[in-house]
Amino acid sequence: LQFTEEKLGQAEKTELDAHLENLLSKAECTKLWTEKIMKQTEVLLQPNPNARIEEFVYEKLDRKAPSRMNNPELLGQYMIDAGNEFGPGTAYGNALIKCGETQKRIGTADRELIQTSAINFLTPLRNFIEGDYKTITKERKLLQNKRLDLDAAKTRLKKAKVAEARAASEQEVRITQSEFDRQAEITRLLLEGISSTHAHHLRCLNDFVEAQMTYYAQCYQYMLDLQKQLGSFPSTFLSNNNQSSTTPVQSVSTPSVLASASASLPSVSNSVVTSGLSELKSSSGSRKARVLYDYDAANSSELSLLADEVITVYSIPGMDSDWLMGERGNQKGKVPITYLELLN
């Protein structure tokens, strides 16, 4: 009745003090943004809505969700299967297998990020929403009920005309006022704990950032290692039947990647340009050489190389000192000496 009369403007309402109102507003704001951040973090870590629903159901049933490949792992497996199908000895097949293995490593890192973030970030946020804030909501409802009781007692006191009724109403007001003040204090103490919640969530946020930093650093290192293995995709490569291709393929040039890969290669000029290379350049003979790194030909006069393959090399009078002529089957072209190791 008191609540209805307040809505109709027919009864007075005891207002909460400004400090308590500010605390209530801060709690509501914290709850709103915590929910939004938590839900969007879940979307970030698991973009598939069906998978999120499945995980939620299994969590409610207190059962472990079945383990499935994540997207990087699935892509990696497809690449490895395709590489084996095309032939690990072919340039494309070999590159697919290397890329697939890297994708699977990224998939493993992705799982670690999800697990770490769930424990160190999402769980504390969820505990606040489902624990602390529910307690605050419960005590706030009790405070609302105590306020309605107090205002109803005040209304009865105003309407009391007989001295005996007035004395009873005054006693009721004192009791309801005491209960209201006590409940207001309980609610205030709980609400002041929001500051501690913010401090705790800040530590959790730092843990989340650290987990992301670790994940992206791992992914960067994995891709850097892959880049060193691949160099860049060769423009001329062996066909799937292992016969030499005489038709050059248009170069897929990635200058930034190639520059980065070249910059990351160790400086081996002094160790590679040995007396053997000097003798080779000064003679008209040929030697076998093992390729140290993948190399993508910059133009039609150069020969693309794959790491660990063995080619024939020889020198041509007037050629730049940093280059040799290389032959693979009926393919030939200039090759950089820093990418070679002469074989005895």
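Colleague: Quick one to start. Where is Leu 32 found?
Modeller: Leu 32 is found in helix α2, residues 18-45. Helices are DSSP runs of H or I with at least four residues, strands are runs of E with at least two, and both are numbered from the N terminus. This is a predicted model, in which local features need pLDDT of at least 70, side-chain atom pairs count only at pLDDT 80 or more, and totals for chains, interfaces and linings use all residues. Residues are numbered from 1 along each chain as its sequence is written, and side-chain values use heavy atoms, with hydrogens and water left out.

Colleague: Is Leu 32 buried, partly exposed or exposed?
Modeller: Leu 32 counts as partly exposed, because its relative accessibility is 40%. Buried means under 20% relative accessible area, exposed means over 50%, and partly exposed is in between (1.4 Å probe, protein chains only).

Colleague: Let's zoom out. How many helices and strands does the protein have?
Modeller: The protein has ten helices and five strands. Of its 344 residues, 35% are buried. The protein exposes about 20800 Å², and carbon and sulfur atoms supply 55% of that.

Colleague: What share of the contacts comes from residues 24 or more positions apart?
Modeller: They account for 67% of the contacts with a separation of 6 or more. Contact means heavy atoms within 4.5 Å.

Colleague: On to charges. How many salt bridges does a search of the whole structure find?
Modeller: The search finds 13. A salt bridge is a side-chain nitrogen of Lys or Arg within 4 Å of a carboxyl oxygen of Asp or Glu.

Colleague: Which residue forms a salt bridge with Asp 151?
Modeller: Arg 147 does, and the closest N and O atoms are 2.6 Å apart. Both residues lie in helix α5, four residues apart, about one turn of the helix. Asp 151 is buried, and so is Arg 147.

Colleague: And Glu 172, which side chain does that one meet?
Modeller: The side chain of Glu 172 meets that of Arg 156 in a salt bridge (2.3 Å, N to O). The pair links distant parts of the chain: Glu 172 is in helix α6 (residues 163-192), Arg 156 is in helix α5, and they are 16 residues apart. Glu 172 is partly exposed, with a relative accessible area of 27%. Arg 156 is partly exposed at 41%.

Colleague: Which salt bridge partner does Arg 290 have?
Modeller: Arg 290 has Glu 341 as its partner (2.8 Å, N to O). Arg 290 lies in strand β1 and Glu 341 in strand β5 (residues 340-342), so the pair ties together parts that are 51 residues apart in sequence. There is also a network of salt bridges linking Glu 185, Arg 188 and Glu 192.

Colleague: What about Glu 139, buried or exposed?
Modeller: Glu 139 is buried, yet has no salt bridge. The nearest side chain of opposite charge, Lys 138, is 5.2 Å away. Lys and Arg count as positive, Asp and Glu as negative; His and the chain ends are not counted. Glu 139 lies in helix α5, residues 91-159.

Colleague: What does Glu 139 touch?
Modeller: Glu 139 touches Gln 183, Ile 186, Thr 187 and Leu 190, not counting residues up to four places away in sequence.

Colleague: Now strands. In which sense do β3 and β4 pair?
Modeller: Strands β3 (residues 323-328) and β4 (residues 331-336) pair in the antiparallel sense over six bridges. Two strands pair if DSSP finds at least two bridges between them. Met 325 has Lys 334 in β4 as its bridge partner. The two strands form a hairpin with two residues between them, and Gly 329 in the turn has a positive phi of about 65°.

Colleague: Last one. Where is Asp 308 found?
Modeller: Asp 308 is found in the loop between β1 and β2. Asp 308 has a positive phi of about 80° although it is not a glycine. Asp 308 counts as exposed, because its relative accessibility is 54%.

Notes:
Areas by Shrake-Rupley, 256 points an atom, 1.4 Å probe, with all protein chains shown as cover.
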